[in-house]
Amino acid sequence: MPTYDQECYLCPGNKRATVESNPHYQRTFVFDNDFSALDRAPAACARAGDPLCRYESVKGTCRVICYSPRHDLTMPEMEEPT
Ligand SMILES: [Zn+2]
């Protein structure tokens, strides 16, 4: 696997799924998920009365954490900071 992939939405400097681009980060980089399952201002939703099929609106934030600028590293392959 290459250390950088120009088609990757997470690699430094690359365009994401939205109009935004990642900075040329050298350390951990965190951003709001472009396909978040939660919203800071959710649409109103009536609570279901059926106890087997319950739903309600919630608000929240989904964040993406890139622990390394390297495309090829997995968590076990990363070094601990000294
Ligand atoms: Zn990548």
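These questions and answers cover the zinc site, salt bridges and some surface features of a predicted model.

User: Which protein atoms are the donors of the zinc ion, and how far from it do they lie?
Analyst: The donor residues are spaced C-x2-C-x59-H in sequence. They are Cys8 (SG), Cys11 (SG) and His71 (ND1), and they lie 2.2 to 2.3 Å from the zinc ion.

User: How many residues apart in sequence are the parts tied together by Cys11 and His71?
Analyst: Both Cys11 and His71 are donors of the zinc ion. Cys11 lies in the segment before β1 (29-32) and His71 in the segment after β2, so the pair ties together parts separated in sequence by 60 residues.

User: Is Cys11 buried or exposed?
Analyst: Buried means under 20% relative accessible area. His71 is at 24%, so it counts as partly exposed. Cys11 has 2%, so it is buried.

User: Which backbone oxygen lies 2.9 Å from a polar side-chain atom of Asn14?
Analyst: Asn14 is found in the segment before β1. Its relative accessibility is 5%, so Asn14 counts as buried. Beyond its neighbours within four places in sequence, its contacts include Tyr4, Asp5 and Ser21. The backbone oxygen 2.9 Å from its side chain belongs to Asp5.

User: Which residues are joined with Arg16 into one salt-bridge network?
Analyst: The structure holds 5 salt bridges. One of them pairs Arg16 with Asp34 at 3.0 Å, N to O. That pair links the segment before β1 to the loop between β1 and β2, 18 residues apart. Through shared partners, the network joins Arg16 with Glu20 and Asp34.

User: What is the distance between the closest N and O atoms of Arg63 and Asp32?
Analyst: Asp32 also forms a salt bridge with Arg40, at 3.1 Å. Arg63 lies in strand β2 and Asp32 in strand β1, so their pair ties together parts 31 residues apart in sequence. For Arg63 and Asp32, the closest N and O atoms are separated by 2.5 Å.

User: Is Arg40 buried or exposed?
Analyst: Exposed means over 50% relative accessible area. Arg40 reaches 54%, so Arg40 is exposed.

User: Which side chain joins that of Asp72 in a polar contact of 2.7 Å?
Analyst: Asp72 is found in the segment after β2. Leaving aside neighbours within four places in sequence, its contacts are Met1, Pro2, Thr3 and Glu77. The polar contact of 2.7 Å is with the side chain of Arg70.

User: What is the area of the nonpolar surface patch that includes Tyr67?
Analyst: Tyr67 sits in the segment after β2 (63-66). Its relative accessible area is 44%, so Tyr67 is partly exposed. Val30, Ile65, Tyr67 and Met75 make the patch, which covers about 380 Å².

Terms used:
Residues numbered from 1 in each chain as written. Predicted model: local features only at pLDDT ≥ 70, side-chain atom pairs only at ≥ 80, totals over all residues. Heavy atoms only, no water. Patch = residues over 30% accessible without salt bridge, like charges linked within 9 Å, V, L, I, M, F, W, Y side chains within 5 Å. Areas by Shrake-Rupley, 256 points an atom, 1.4 Å probe, with all protein chains shown as cover. Salt bridge = Lys/Arg side-chain N within 4 Å of Asp/Glu carboxyl O. Helix = DSSP H or I, 4+ residues; strand = E, 2+ residues; numbered from the N terminus. Buried < 20%, exposed > 50% of the residue type's maximum accessible area, 1.4 Å probe, protein only. Polar contact = N/O pair within 3.5 Å; in protein donor to acceptor, adjacent residues only side chain to side chain. Contact = heavy atoms within 4.5 Å. Donors = N, O, S within 2.8 Å, 3.2 Å for Na, K, Ca; no water.
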